[in-house]
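Here is a briefing on one protein chain. Please keep the sequence and the model open while you read.

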Amino acid sequence: MQKQDEKTPISADISENSQTMYRIFDFGPANFDMGERSIKILGRESKIYYTNSLMDTSILVVMMREFMRLSNRNEHVSDVFQEIKQHLVHEQVEEIQTIDDAVDRLLTGRMIVLVDGETSGFSIDLRHYPGRQPEEPEVEKVVRGSKDGFTENIIENSGLIRRRIRDPRFRSDLIQVGLRSKTDVSLCYLKDVANPGLIKTIKKELQSIKIDGIPMADNAVEEFILKQGWNPFPLARYTGRPDVAAAHILEGHIVMITDTSPSAMILPTTLFHHIQHAEEYRQVTISGAFERWVRFIAIFGSIFLVPLWLLLVQDHLLPSQLSFIGPDKKDFHIPLVVQILIAEVGIETLRMAAIHVPTPLSTALGLIAAVLIGQIAIEAGVFVPEVILYTSVSAVGGFATPSYDLQLANKIIRILLILTVAFFHVPGFMIVITLTIIYLSHVKNLNTPYLWPFIPFNPTGLYNILMRRAMPTSVLRPSIVRPLDKYRQPPKSKPN
């Protein structure tokens, strides 16, 4: 990896600047989407550089017309930059002092203009990144609510949030990450609400990233910032919905948008942020609370249903009234724990196969798995019906988990519980649960306790987790983000 050299200043000799730009970009067939034009501006030789693939060419035509109007003027001006800026219809014009700044801005879709005799140039923002139209995210669909979602375009994503937060104190700080990729990363927050210490910490972590590029976008940034290691539980919440991102910004969180990623990262978050869904807030209060509790039960079942069933059957802990739950010993020859592990691996394989094949084929894949594999495996004696039943219910509970990352973490814990139950019975079951809770209680996400408000205990926060609070009663922002302004609306005891 090459080290960053000192920045090269813009020369007053336009031919020298042209040679430098040619040496960097090798204009021509080797760089077909990079453009260069020679033109006279205010009677001086000038060079215009642009990137066809990252800009709006229709605006480029308008800019060229504006420059043509200035081409025949030969009068002396004291400030070329201000003179040109006053005659341009485009407002996003920025003065640059070095070749390095010109290169960085050119590679982000801006037009670069260098004028002979001037030791500074200027860039015009004509960015228009290729991408798809905003559409509802596949994993966060709602019955009633907005159907737009983030795309791979950081400019559009920032606009989707700003459309929902029309506050002059809303900030969208842009930082470039990657020595070669120079990927744009935007931190979105409310200046008078978000904790300045948290903002400073995240910016420091981003600026300390020294790598050639981050083609995997936000996931690579997360690994640098949060340093998760071997912890399977997700520390950052991802969302593809701008309304969810805006709601968290209003609470005092920081939302990180990474260019080329169709999701935004919410920081900081706790375990309980990953079990919330936008659908709960699109329904009336009681319906939203009902959906939340059903989701809690599904997540709980996805972790503990199969291990508990194996524990009760294996250790003969079932009372006579519930003996029908366990299989008859004469019905199977393969140990139950082996059957369960085969079923778990089979379900995970089917899930991966469904992702990798086109949608019409995934439907056929599901029918093959259900009819041929499942039914025939039972008739052949490979599985007992109870194993298929409970592993399937557990899998459905996992699919009901809003966060895909949390779903995978719960699956790992479930398999660990199954193995410990098989070898160590009740003591192993209790030890794994206890060690998991102790471990998660010591996990901190940007100095935020991961199990808050359960550990440390916060009654108000726990109530908001268990119950879907109505918006008129939501007066305070979550204390865990340490907001500068803790009130979302004026308290009743406080005059308006």
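This is a predicted model: local features need pLDDT of at least 70, side-chain atom pairs count only at pLDDT 80 or more; totals for chains, interfaces and linings use all residues.

Residues are numbered from 1 along each chain as its sequence is written, and side-chain values use heavy atoms, with hydrogens and water left out. Helices (H or I, at least four residues) and strands (E, at least two) are DSSP runs, numbered from the N terminus. Two strands pair if DSSP finds at least two bridges between them.

**Sheet with β1 to β5**

- Five strands make an open sheet in the order β1-β2-β4-β5-β3, and the pairing is antiparallel.
- The edges are β1 (34-41) and β3 (93-96), each of which pairs on one side only.
- From one strand to the next, the twist averages 25°. Axes here are lines fitted to C-alpha atoms, for helices over the stretch in contact, and angles run from 0 to 180 degrees between N-to-C directions.
- Eight bridges join β1 to β2 (residues 44-51) in the antiparallel sense.
- Serine 38 has lysine 47 in β2 as its bridge partner. Arginine 37 stands opposite isoleucine 48, also in β2.
- β1 and β2 form a hairpin with two residues between them. In the turn, leucine 42 has a positive phi of about 55°.

**Helices on this sheet**

- Helix α1 (residues 14-25) packs on the sheet and touches β1, β2 and β4 (110-115). Its direction makes about 20° with that of β2. Contact means heavy atoms within 4.5 Å.
- Helix α4 (residues 99-106) also packs on the sheet, touching β1, β2, β3, β4 and β5 (121-125). The direction of α4 makes about 150° with that of β4.

**Crossing of α1 and α4**

- The axes of α1 and α4 come within 11 Å and cross at roughly 50°.
- That angle makes α1 oblique to α4. Angles under 35 degrees count as roughly parallel, over 145 as roughly antiparallel, 65 to 115 as roughly perpendicular and the rest as oblique.
- The crossing of α1 past α4 is right-handed. The rule is that a crossing is left-handed if the near helix is turned anticlockwise from the far one by less than a right angle, and right-handed if clockwise.
- From α1, the contact uses Asn17, Thr20, Met21, Ile24 and Phe25. From α4, it uses Ile99, Val103 and Leu106.
- These contact residues of α1 with α4 divide into six nonpolar, two polar and no charged. Ala, Val, Leu, Ile, Met, Phe, Trp, Tyr, Cys and Pro count as nonpolar, Asp, Glu, Lys and Arg as charged, and the others, Gly among them, as polar.

**Sheet with β6 to β10**

- A further open sheet of five strands runs β6-β7-β9-β10-β8, with antiparallel pairing.
- β6 (170-177) and β8 (237-239) stand at the edges with a single partner strand each, so one side of each has no neighbour in the sheet.
- The twist averages 25° from one strand to the next.
- β6 pairs with β7 (residues 183-190) in the antiparallel sense over eight bridges. Leucine 174 stands opposite serine 186 in β7.

**Packing of α9 and α14**

- Helix α9 (residues 285-314) packs against helix α14 (residues 459-466) at an angle of about 90°, with the axes 9 Å apart.
- α9 and α14 are therefore roughly perpendicular to each other.
- Arg292, Trp293 and Phe296 in α9 meet Asn464, Ile465 and Leu466 in α14.
- The contact residues of α9 with α14 divide into four nonpolar, one polar and one charged.

**Two buried residues**

- Phenylalanine 67 lies in helix α2 (residues 57-70). Phenylalanine 67 counts as buried because its relative accessibility is 0%. Buried means under 20% relative accessible area, exposed over 50%, partly exposed in between (1.4 Å probe, protein chains only).
- Leaving aside neighbours within four places in sequence, phenylalanine 67 contacts residues including Ile39, Ile41, Ile48, Met111, Val113, Phe122 and Ile124.
- Phenylalanine 67 and histidine 87 are 20 residues apart in sequence and 8.7 Å apart, C-alpha to C-alpha.
- Alanine 278 sits in the loop between β10 (264-267) and α9. At 12% relative accessibility, alanine 278 counts as buried.
- Beyond its neighbours within four places in sequence, alanine 278 is in contact with Val142, Arg241 and Val244.
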